[in-house]
Amino acid sequence: MELGKKIRVLVVDDSALARNLIIQGLSAHPRIEVIGYAINTLDAKQKLPRLKPDVVTMDVEMPGQSGIDFLKEYLPNNPVPVILCSSLNLKVFDALNAGAVDFVRKPDVQESKEVFVTNLTQKVLVASMARPRSIPLRSPSVAVEAPALGGGLAMDRVLVGLGASTGGTEATLEVMRRLPADIPPMVIVQHMPKGFTQMYADRLNRICKMEVREARNGDELHRGLALVAPADLQCRVVRIGDKYTVSCTQGEKVSGHRPSVDAMFHSMAEVVRCKMVGIIMTGMGQDGAAGLLEMRKKGAYTIGQDKESSVVYGMPMVANDIGAVCIQASCENVANVLLRHLKTLH
């Protein structure tokens, strides 16, 4: 987008209450202009070609055609950044696979409307700079065949950290589903609203070969296990003797986030005494870059997602620019790069 130009937003929601909240909230930001609204996907189809918005906010569940079906039908020929506004609903991940850029959780009775508006506004600003995928990732619900890594002491003494933000739910899935069941222990930090990390971990666990679950304070890391940092908690790696566990605590925000990729990467750089790999994926800002550089200084092998496959080439760009990245790879090739490196450690 041109610098100084207002971000033109179309709001799609069947609830008048939600529409008004979103329109008023976004319109209060000096860089955002709400150019119209649609009450369902049919209405959106008629208005999109005429209004040509920079960003669309969309409810997932609407009467008639759902937001997911709309994305599958519309986005392949008309790529536009879409931010989902959803209740706590597993279908959000289907919509992300269909090409939506990001999502924000709608407030319930107890939750702050101001926090929702702030989060949505921030995501609209980021989405205006995103490169939306025009087609869903191939066979998203199926793991890709990958040969087992096999035994050996070296493979049991490796830790892998992966961090991602905008566009990262599907990018991380694309990496994880290409890895074998006997991967070294992994810790994943994905910026995500509260309530969704459990569902995301369950989704990865269903699709991928290894065990994936939401991390709990004190969980021990072991081969074949990937832990997803819980939303709104800082997740750090802790060494206890010759074992490694995770600490999940409230803590302050780090690099503007909780959980923070930097907090996780820094903890690995500080305490891990075995081999390490750090992976930084698509996302806005610079969370994870400084921590990844510390990991590399301590001898870690580091991988950054490349510009062409990133929805937002922010976090991996900063990491690459400061010298934190050993090698860049496309979203589809990160797993291969990781596996090739792991096989050199035997």
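Which residue forms a salt bridge with glutamate 211? In this predicted model, the partner is arginine 213, and the closest N and O atoms of the two are 3.0 Å apart. Glutamate 211 is partly exposed, at a relative accessible area of 35%. Keep this pair in mind while we look at the sheet.

Strands of a sheet pair through backbone hydrogen bonds, in either a parallel or an antiparallel way. Here, seven strands make an open sheet with parallel pairing, and their order is E8-E9-E7-E6-E12-E13-E14. Strand E8 (211-214) and strand E14 (327-329) are the edge strands, each pairing on one side only. From one strand to the next, the twist averages 20°. Take E6 (residues 158-164) and E12 (residues 275-280): six bridges join them in the parallel sense. One detail to find is glycine 161, whose bridge partner in E12 is glycine 278.

Helix H7 (residues 196-207) lies across E7, E8 and E9, running at about 175° to E8.

Back to charges: side chains of opposite charge can pair when their charged atoms come close. The whole structure holds 14 salt bridges. One of them joins aspartate 182 to arginine 223, with 3.4 Å between the closest N and O atoms. This pair links distant parts of the chain, 41 residues apart. Aspartate 182 counts as buried because its relative accessibility is 19%, under the 20% cut-off, whereas arginine 223 is partly exposed at 22%.

Within helix H9, glutamate 294 and lysine 297 lie three residues apart, about one turn of the helix, and their side chains meet in a salt bridge.

Note on methods. Residues are numbered from 1 along each chain as its sequence is written. This is a predicted model: local features need pLDDT of at least 70, side-chain atom pairs count only at pLDDT 80 or more; totals for chains, interfaces and linings use all residues. Side-chain values use heavy atoms; hydrogens and water are left out. Two strands pair if DSSP finds at least two bridges between them. Helices (H or I, at least four residues) and strands (E, at least two) are DSSP runs, numbered from the N terminus. Axes are lines fitted to C-alpha atoms, for helices over the stretch in contact, and angles run from 0 to 180 degrees between N-to-C directions. Contact means heavy atoms within 4.5 Å. A salt bridge is a side-chain nitrogen of Lys or Arg within 4 Å of a carboxyl oxygen of Asp or Glu. Buried means under 20% relative accessible area, exposed over 50%, partly exposed in between (1.4 Å probe, protein chains only).
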